Amino acid sequence: MSLARRTLIGGAFALWAMPAAAQRLTPAVQKIDPRPQAPGSVAARAAAAMPRYAPAEKVTGDIRLWGHGNRKLPWMHYLVDQWAEDFQRFHPEARLETHLYGTSSGIPALYNGLGDIALLGEEILPDAARAFERVKGYAPTGVELMTGSVDIRNFDYAQMVFVHRDNPLARISLVELDAILGTEHRRGTRNIRRWGELGLTGAWGTRAITPYSWAIDDSFGFYLRNAVLMGSHRWNPALQGFAHINNADGTIYDHGQQVLDALAKDPAGIAVSNIRYAVPEVKPLALAHTAAGPFVAVSEASLIDQSYPLARTLPAVIDLPPDRRIDPKVREFLRYVLSREGQEAVNRDGRYLPLSPAAAEKERRKLA
């Protein structure tokens with residue numbers, strides 16, 4: 001048995017597998033099983049278009065992987081074990097040692113000398129990057145490995161914008177979304193507070209917009225702050241943010257469900273959530289960077305090719321001093337993950353999506 005299995009895998013259940021529109025999430029009710037991509041799917045074609053892994057040099061020793069996962073719930077073990085076992089096919093004397101305790105453990109393990117690679121379940125947060133730089137004197141190096149899912153809980157699902165089904169709006173730009181959710185309108189010239197400012201007429205023209213989203217101190221709130229508000233901390237005071245509600249019976253009323261349940265009752269609302277929580281009273285909007293378009297809906301294809309403006313990717317982070325080369329065993333493992341074999345493993349797991357061939361090539365160039 002490879003050292004990919006040194007870490008206790010824990011229970012065989014997870015939250016993410018609940019039905020997409022479920023309002024209540026009950027822990028420990030579903031087995032974690034792979035959800036493999038179908039042959040010929042967009043994801044399968046993307047991985048198949050990548051070059052096969054060819055070792056640049058033989059490597060040995062332990063590669064210490066810290067970060068994304070859960071001590072009790074094996075969110076990442078199926079995929080990481082696949083990587084570990086297949087990598088040993090090329091490098092029999094190299095072993096992956098896994099410590100998948102959560103994203104927040106990843107970067108501290110790097111600057112404390114406990115890990116070689118931090119696998120994150122979200123983008124590198126500014127506070128974590130600053131902590132690394134304070135300790136090491138230089139910035140951490142990120143390498144994107146995978147694309148977030150369309151709608152799978154705990155697997156970086158797509159951030160989507162919704163309005164009530166009675167609202168005639170069909171699309172929105174990040175410029176407009178920034179002007180609605182924030183107060184500094186860093187992408188544009190003014191704030192937007194009424195539907196008429198988005199071009200709606202008649203009775204809609206004077207209606208105030210009520211924004212709904214994640215709690216601003218949630219990791220999803222941090223993502224919106226950076227991806228939409230361009231780093232601004234100044235949110236629209238009218239924003240109604242939601243956090244998980246833990247019920248006495250052990251179930252969870254998920255924040256994403258709360259957001260769209262609130263929107264369903266408010267024809268004048270706009271919301272950030274995910275399609276897994278959609279109810280009949282709401283509809284998603286196509287999204288663009290600017291009013292010039294193109295306006296894009298969420299799909300596996302638009303996430304993989306990153307044409308959807310809020311497509312998310314998952315990085316590995318490494319400690320690379322400015323005057324040194326990457327540790328050979330770390331470089332070879334990341335080259336493997338960014339190869340056809342590594343991305344096909346992502347597809348066999350089926351929860352994250354692969355990178356596009358162009359994006360994977362861009363990341364491989366960082367490892368030269």
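1. A pocket, as the word is used here, is an open set of grid points with protein on both sides within 12 Å along at least five of seven lines. The model is predicted, and the second largest pocket in it has a volume of about 250 Å³. Of the 14 residues that line this second largest pocket, Glu144, Gln306, Ala311, Arg312 and Thr313 are the closest to its centre.

2. Helix H11 (residues 357-365) gives the most to the lining of the second largest pocket, contributing 3 residues. Sorted by class, that lining has 6 nonpolar, 3 polar and 5 charged residues.

3. The largest pocket holds about 540 Å³ of space. It is lined by 24 residues, and the closest to its centre are His68, Trp75, Asn154, Ser219 and Phe220.

4. Helix H2 runs over residues 77-90, 14 residues in total. From first C-alpha to last, H2 reaches 20 Å, close to the 20 Å expected at 1.5 Å a residue.

5. With burial taken as under 20% relative accessible area, 11 of the 14 residues of H2 are buried, so the helix is largely enclosed by the rest of the structure. The buried residues of H2 are His77, Leu79, Val80, Asp81, Gln82, Trp83, Ala84, Asp86, Phe87, Gln88 and Phe90.

6. Both strands and helices cover the buried residues of H2. The cover includes strands E2 (61-67), E3 (94-99), E4 (117-119) and E5 (141-147), together with helices H9 (328-337) and H10 (340-349).

Methods. Residues numbered from 1 in each chain as written. Predicted model: local features only at pLDDT ≥ 70, side-chain atom pairs only at ≥ 80, totals over all residues. Heavy atoms only, no water. Helix = DSSP H or I, 4+ residues; strand = E, 2+ residues; numbered from the N terminus. Expected span 1.5 Å × (residues − 1). Buried < 20%, exposed > 50% of the residue type's maximum accessible area, 1.4 Å probe, protein only. Contact = heavy atoms within 4.5 Å. 1 Å grid on protein atoms, 1.4 Å probe; cavity = no way out; pocket = protein on both sides within 12 Å on 5 of 7 lines; lining within 4 Å. Points joined across faces, edges and corners; volume = space filled by probe spheres on them. Nonpolar A, V, L, I, M, F, W, Y, C, P; charged D, E, K, R; others polar.
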